[in-house]
Amino acid sequence: MLIVIKMGGSILKEGASSSLIADLAEITKQHQVVLVHGGGVEVTEIASKLGKEQKFVISPEGFRSRYTDKETIEIYTMVMAGKLNKQIVLALQNQNINAVGLSGLDASLLRAERKLKLIVVDERGRKKVIDGGYTGKITQVNTTFLTLLLEQGYIPVVTPIALSQDHEPLNVDGDRTAAIVAGALKADKLIMLTDVEGLILNGECIKKISSTEVKEVLPKIGGGMSTKIHAGLEALNQGVNEVIVTMGTTNQPLTSALNYKVGTVIKNE
């Protein structure tokens, strides 16, 4: 079975990170795994220390994202591909997981189209158009390269930085990167690790929901979870069998999710 896992970069700071890494080691004995990681919080912290305050914008759909100018993409690349990616690889190697750290720049793993303009909503709720900066939308995944690594027993650890048509690094959303990679590889499952137990509706964690049903409740879902649900739907539309949204800091989060003991399962029905 092929599983794509999305985890936040802050997971290594959590007390349960050792449980997650140990659990991942067990999973990789039986299944092929691609790991996509985030790390926006640490990017913001280090950028602030370097004197580059970060700006965030809100899309008309309510999605919050980092505004990535020239200086920010340089810091983003340094922290994500240099620091966090290698920390995760080291943690995996410590569990004898043969991990390979990659950004989307390596072997043109992720190609993207640079967004020339962004439509954002200001503090007064008015829409305005701003320069797109160094953000992009993924258009192509080098599945040949990923498949080669997987067939040789390696675990790709992917940083969500893509290569533009002008050979520039672009900031691409981590959740959508995981979804697009899962779809391109026709993965069996996409597991999205988060800081809550799953999709919460009316105070309760939903154990299972169809893609049709989840579209109907999207307006009731908060911004952070909404991004993951949209990404999950994109993965399902590309042929992924099921998406599981679950907490990454529980005991054996991956094994428990695969056994449907925790989290929210989203499937086409």
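Predicted model: local features only at pLDDT ≥ 70, side-chain atom pairs only at ≥ 80, totals over all residues.
Me: Is Ile97 buried or exposed?
Reply: Buried means under 20% relative accessible area, exposed over 50%, and partly exposed in between (1.4 Å probe, protein chains only). Ile97 has a relative accessible area of 3%, so it is buried.

Me: Where is the place of Ile97?
Reply: Helices (H or I, at least four residues) and strands (E, at least two) are DSSP runs, numbered from the N terminus. Ile97 lies in the loop between H3 and strand S5 (99-103).

Me: Which residues of helix H2 (residues 40-49) are buried?
Reply: In H2, Glu42, Val43, Ile46 and Ala47 are buried. They share one side of H2, because they cover an arc of only 130 degrees around the axis; the arc is that of the directions from the helix axis to the C-beta atoms. The exposed residues Val41 and Lys49 are on the face of H2 turned away from its buried side. Strand S4 (64-66) and helix H3 (70-93) are among what covers the buried residues of H2. Gly51, with a positive phi near 85 degrees, follows H2.

Me: In what order do the eight strands form the open sheet?
Reply: Strands of a sheet pair through backbone hydrogen bonds, either parallel or antiparallel. Two strands pair if DSSP finds at least two bridges between them. Here the order is S5-S10-S2-S1-S13-S17-S18-S16, with mixed pairing. S5 and strand S16 (208-210) are at the edges with a single partner strand each, so one side of each has no neighbour in the sheet.

Me: In which sense do strand S2 (residues 32-37) and strand S10 (residues 155-159) pair?
Reply: S2 and S10 pair in the parallel sense, over two bridges. Val36 has Val158 as its bridge partner in S10.

Me: Which strands does H3 touch as it packs on the sheet?
Reply: Axes are lines fitted to C-alpha atoms, for helices over the stretch in contact, and angles run from 0 to 180 degrees between N-to-C directions. H3 touches strand S1 (2-7), S2, S5 and S10, and its direction makes about 165 degrees with that of S5.

Technical notes
Residues numbered from 1 in each chain as written. Heavy atoms only, no water. Contact = heavy atoms within 4.5 Å.
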